[in-house]
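This report describes the fold of a single chain, from its strands and helices to its cores and aromatic pairs. The sequence and structure come first.

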Amino acid sequence: MAVWVYDKRPANGAAFVYFGMLPVDSGSTEAKLLVNYCHKVLDALALKNGPAHVEIIMTPSGPCLVEVNCRAQGGDGNWRPLARRLAGGYSQVEATVDAYLDKKAFQLLPKMPPSPAKAFGQEVMLVSHAEGQVIGTPGYDIIKTLPSFVSMETGVGIGSYVEHTVDLLTCVGSVILVHDDKEIVDKDIAKIREMEKNNELFELKSKSRLMNAMSTLKLQSLSFSENDVMV
C-alpha cells in the first residue's frame, strides 16, 4: 500500500498541469483518513482480493471518491522502484504476487507503509514551456547524471515535435528520483525545474530554419506549364 498526492499547478495557460507525484507520510492525519475511507469504498464494492487503484479528492467536508479500479497503480509501473525504496523492499506489485503465491510472506507485510519512509523521493513529471521539433535532448542527459536519478520514461526523441505541456498527453517525460538524503532530492528537483523554466530540456529547430525548409519543399512541389504567366 502507498499513499500519493499529485502535484498540479498552473502552466502554459492551463490550470491543472501535472508536475509530479509525491509520497504522503502514512503516519499523517490525511493518510490515516484517506486509508480508512479507501477501505470503506473497497468493502462497499465487495473488492476483497487483489490490488486496487483509488483516487480521492480531499474536500473541506472530507474525502470524495474520484475513481476506483481493481488493478495496480498505472503509469507503466515506473513508480515501482520508488515505492520499494520508500517501503523498504516491497510495492503493490510484490504484495499482489505474494497474496496469490506466498500467503505466508503476504501475511508478514505491514498494514501500512513505514512512517517515516525508508528514503526520500518522488516522481517528477517533465513540463515543456516551449514547442517545436526536437533536434537534441541535452536536458535528458543532465537528468541521468543527477545523484538521485533512478529512471526516466519519455516518448520524446530526436525528430519528435513537442508542444507546451497542458495535460498528461503533452507531458514530455517522467523521472523517478530516490535518495537517502532529502537535500539531494530537493536539489535535483530544483535543477530539473530550472532547466524546464529556461527551456534547456531540448534543443529545438528554430522557426526560421523550419519555415525555410517548409518553403523549399513547397516550391519543389510546384510545377508550371507554358501557359502559366508570372508577373
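## Model and overall make-up

Helices and strands are DSSP runs, at least four residues long for helices and at least two for strands, numbered from the N terminus. The model is predicted. The chain holds 7 helices and 10 strands.

Of the 231 residues in the chain, 34% are buried. Taking contacts between residues at least 6 apart in sequence, 65% join residues at least 24 apart.

## The hairpin of strands 1 and 2

Strand 1 and strand 2 make a hairpin in which 2 residues lie between them. In the turn, Asn12 has a positive phi of about 55°. The two strands, strand 1 and strand 2, are antiparallel and pair over 7 bridges. Across this pairing, Asp7 is opposite Gly20 in strand 2.

Tyr6 and Tyr18 are arranged edge-to-face, at 5.1 Å centre to centre and with 85° between the planes. Tyr6 belongs to strand 1 and Tyr18 to strand 2, so the pair ties together parts 12 residues apart in sequence. Tyr6 has a relative accessible area of 33% and is partly exposed, whereas Tyr18, at 17%, is buried.

Met21 has Glu123 in strand 5 as its bridge partner. Glu123 is in turn bridged to Ile176 in strand 9. Strand 5 (residues 120-125) and strand 9 (residues 174-179) pair over 6 bridges, again in the antiparallel sense.

Another open sheet is formed by 3 strands, in the order 8-6-10 and with antiparallel pairing. Its edges are strand 8 (161-162) and strand 10; each has a single partner strand, so one side of each is left without a neighbour in the sheet.

Strand 6 (residues 132-136) and strand 8 run antiparallel, with 2 bridges between them. In this pairing, Gly132 has Val162 of strand 8 as its bridge partner.

## Nonpolar cores

The largest nonpolar core has 18 residues. Those that touch the most other members are Leu126, Ile143, Val172, Val175, Ile192 and Phe202. At least two residues of this core come from each of helix 5, strand 9 and helix 6. Helix 6 contributes the most, with 4 residues.

What does Ile143 contact, leaving aside its neighbours within four places in sequence? Ile143 is in contact with Leu126, Phe149, Met152, Val175, Ile192, Met195 and Leu201. Another core, of 9 residues, lies apart from the largest one. Its members include Trp4, Met21, Leu82 and Ala83. In soluble globular proteins, nonpolar side chains tend to be buried together.

## Aromatic pairs and cysteines

How many aromatic pairs are found in the whole structure? The search gives 2. One of them is the pair of Tyr6 and Tyr18 described above. Tyr140 and Phe202 also form an edge-to-face pair, at 5.4 Å centre to centre with 75° between the planes. This pair links distant parts of the chain, 62 residues apart: Tyr140 is in helix 5 (residues 138-143), and Phe202 is in the loop between helix 6 and strand 10 (203-204). Tyr140 and Phe202 are both buried.

The count of disulfides is 0, where a disulfide requires two cysteine sulfur atoms within 2.5 Å. Cys38 counts as buried because its relative accessibility is 17%, under the 20% limit. Cys64, at 39% relative accessibility, counts as partly exposed.

Conventions
Residues are numbered from 1 along each chain as its sequence is written. This is a predicted model: local features need pLDDT of at least 70, side-chain atom pairs count only at pLDDT 80 or more; totals for chains, interfaces and linings use all residues. Side-chain values use heavy atoms; hydrogens and water are left out. Two strands pair if DSSP finds at least two bridges between them. Buried means under 20% relative accessible area, exposed over 50%, partly exposed in between (1.4 Å probe, protein chains only). Rings of Phe, Tyr and Trp (its six-membered ring) pair if their centres lie within 6.5 Å; planes under 30 degrees apart count as stacked, over 60 as edge-to-face and the rest as tilted. A nonpolar core is a set of buried Ala, Val, Leu, Ile, Met, Phe, Trp, Tyr and Cys residues joined through side-chain atoms within 4.5 Å. Contact means heavy atoms within 4.5 Å.
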